[in-house]
Amino acid sequence: MSTSKRRRSLSFRPRPDLLEGRQLLSTVFRGVDFDGDIWTLRLVGPGSLRVTNQPGSDGVTPVPIGQPGLIDTITVQGANPSTTRLIGVVEQAAGGDGRVFFENLISPASVIPGPGTGVGMLAIDMPNFWLGDTSPGDTEQVQGRIDIPDGVVTLHFGGVVTRASFGEEPPEPPATNAQPNRFTINLGLPTRVGTSIILDRVDTTNPATLVDPLTPQDTVTFNVSGRLNVFQANTIDGDPTLDLGDSGTFDGNNSGGTTIISGPPQVISQVGTGAIGRFRIGGNATNMTVQVGGNNARLTNFFIGGETNKVTVAAVEGIRTALFGLGMDTVSIQAGEIEQLKANRGAVGSSVLVGRNAGSLTLGGDVINTNVLAGYTPGSGVGAAPTAQSGGQMTVRVAGDVFDSLFAASVQPFEGVFGSPQDLVLPTGYINAKVEGLIDNSLNPLVSPEAFDQAFFAERVRLESGPVIPPAAPGAPFRPQPGPGRTPGVQGLSGGQPSHTFRFIERLNARQAP
């Protein structure tokens, strides 16, 4: 009797078929822009999608989807915060610009928040869709919006243009009493991770301001509840005109322009604080304000690769790293603390106000009409002078000259003028400085004539003269990539597969809806 065991063939073993992972395709909308660009919006995961074009010739009935027109409103309802994604792709026509504009994108707040029903979205991935004016006719004021009260983890879109012409002849500059266009991106607190915003450009330029500087400025406001993991843009454009007055120093008051706010949640039942992980502008930044508010509100990494003009940064708790690739010109910074600040081309017309330690400041060029104060609290009224407090410290390296500028640590000037024997010098104030060039404050109204050759004021000042190695902050053109895991739900931004193309979406839709 044979005792050998016959091997069983595994090829005949019953097993369930392995099914590929699939996402529920809720709705697909296809349309065409005025210049012939074809667009597709596709919702992946639970929820419903609705797209409405701008009104037609009668001013009431929307243009049917599929006919040439501009998008008025995109609405998403019933999304799942873990899986729902809105994907938009554009096929550029021969005479098109490859951009599709919409005026509103809304996802109404859930009535009764619960798992999987109306508590925000995972991602919005529509890089060639732009928020702009799509109202028919000559509207006196436009108020466009992206409103997602329940939050979205990743928002990836083209950007905002407040005065888009859509390929037509440039319109006449509006009257000087015209109302400013206002666009708001309101993002609530998501269920996890925080919020990331990736876009190409924000443009608040108003042609009328070149004719009359009193014309109201267009505004774009990003209001984010809780932590803003990443804010990345290539360019922030705005009103370039700037009147620094007699001081020659920018005090941080921006009228209009682009404002990015990270603060506590607006819903009382939610707990959180404002914070920004990585703030990156690859090119120029004009007329831009960044605010971080709430308890323990910090800005970890702040970077601008190009030219700066009227840039305001306010972080209640502090800033770890601030880098300026092409110089710190007309920049106003207010923070509790700063760990390090580097500017490749020096500083012109800027102001820095720090509550305690200003850390290490390295300026790679001349410093002109710039004030750096460490150990101060802001003034209580508009235009009020800051008040000195103990604990101000800084280490300064300047690879150039210092003209009409000052660096002070915990010193209350007598009648607003530094360098007088009547100055109130508080203890623990310390400055360690090295300057490569000259120091001249003979024309600075904030420095006493007796101290015209001084620029550093503190209880203890250690000043050296000699060569200084300029910093090596990355400069424009610079397109940084967000780190892994910071843009979940969006392909091509976190080192994963490339972003969806129009042909890919077209083939996928054909297979699922033949």
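**Figure 1. Surroundings of Ser332 in the predicted model.** Leaving aside neighbours within four places in sequence, Ser332 is in contact (heavy atoms within 4.5 Å) with Phe250, Asp251, Gly252, Val311, Thr312, Val313 and Ser351. Ser332 belongs to strand S23, residues 331-335; strands (E, at least two residues) and helices (H or I, at least four residues) are DSSP runs, numbered from the N terminus. Ser332 counts as buried because its relative accessibility is 9%; buried means under 20% relative accessible area, exposed over 50%, and partly exposed in between, for a 1.4 Å probe and protein chains only. The side chains of Ser332 and Ser351 are joined by a polar contact of 3.5 Å. A polar contact is a pair of N or O atoms within 3.5 Å; within protein, one atom must be able to donate a hydrogen and the other to accept it, and residues adjacent in sequence count only if both atoms are side-chain atoms. The model is predicted, so local features need pLDDT of at least 70 and side-chain atom pairs count only at pLDDT 80 or more, while totals for chains, interfaces and linings use all residues. Residues are numbered from 1 along each chain as its sequence is written, and side-chain values use heavy atoms, with hydrogens and water left out.

Figure 2. Thr249 is placed in the loop between strand S15 (235-237) and strand S16 (257-263). With a relative accessible area of 13%, Thr249 is buried. Although Thr249 and Asn369 are 120 residues apart along the chain, their C-alpha atoms are separated by 5.7 Å. A polar atom of the Thr249 side chain lies 2.9 Å from the backbone oxygen of Asn369. Not counting residues up to four places away in sequence, Thr249 also touches Leu244, Gly349, Ser350, Ser351, Thr370 and Asn371.

**Figure 3. An open parallel sheet.** Five strands, in the order S22-S25-S28-S33-S38, form an open sheet with parallel pairing; two strands pair if DSSP finds at least two bridges between them. Strand S22 (328-329) and strand S38 (439-440) are the edge strands, each pairing on one side only. Within the sheet, S25 (residues 347-348) and S28 (residues 367-368) pair over two bridges. Val348 has Ile368 in S28 as its bridge partner.

**Figure 4. Strands S3 and S4.** S3 pairs with strand S4 (residues 71-77) in the antiparallel sense over six bridges. Opposite Thr52 stands Thr73 in S4.

**Figure 5. Nonpolar cores.** The largest nonpolar core has 87 residues, and those with the most contacts inside it are Leu86, Met288 and Phe302. A nonpolar core is a set of buried Ala, Val, Leu, Ile, Met, Phe, Trp, Tyr and Cys residues joined through side-chain atoms within 4.5 Å. Strand S7 (residues 121-132) gives the most to this core, with five residues. A second, separate core of twelve residues includes Tyr376, Ala408, Val447 and Ala451.

**Figure 6. Two threonines with positive phi.** Thr330, in the loop between S22 and S23, has a positive phi of about 45° although it is not a glycine. Thr330 is buried, with a relative accessible area of 10%. Thr428 also has a positive phi, near 70°. Thr428 lies in the loop between strand S36 (424-425) and strand S37 (430-435) and is partly exposed, at 44% relative accessible area.
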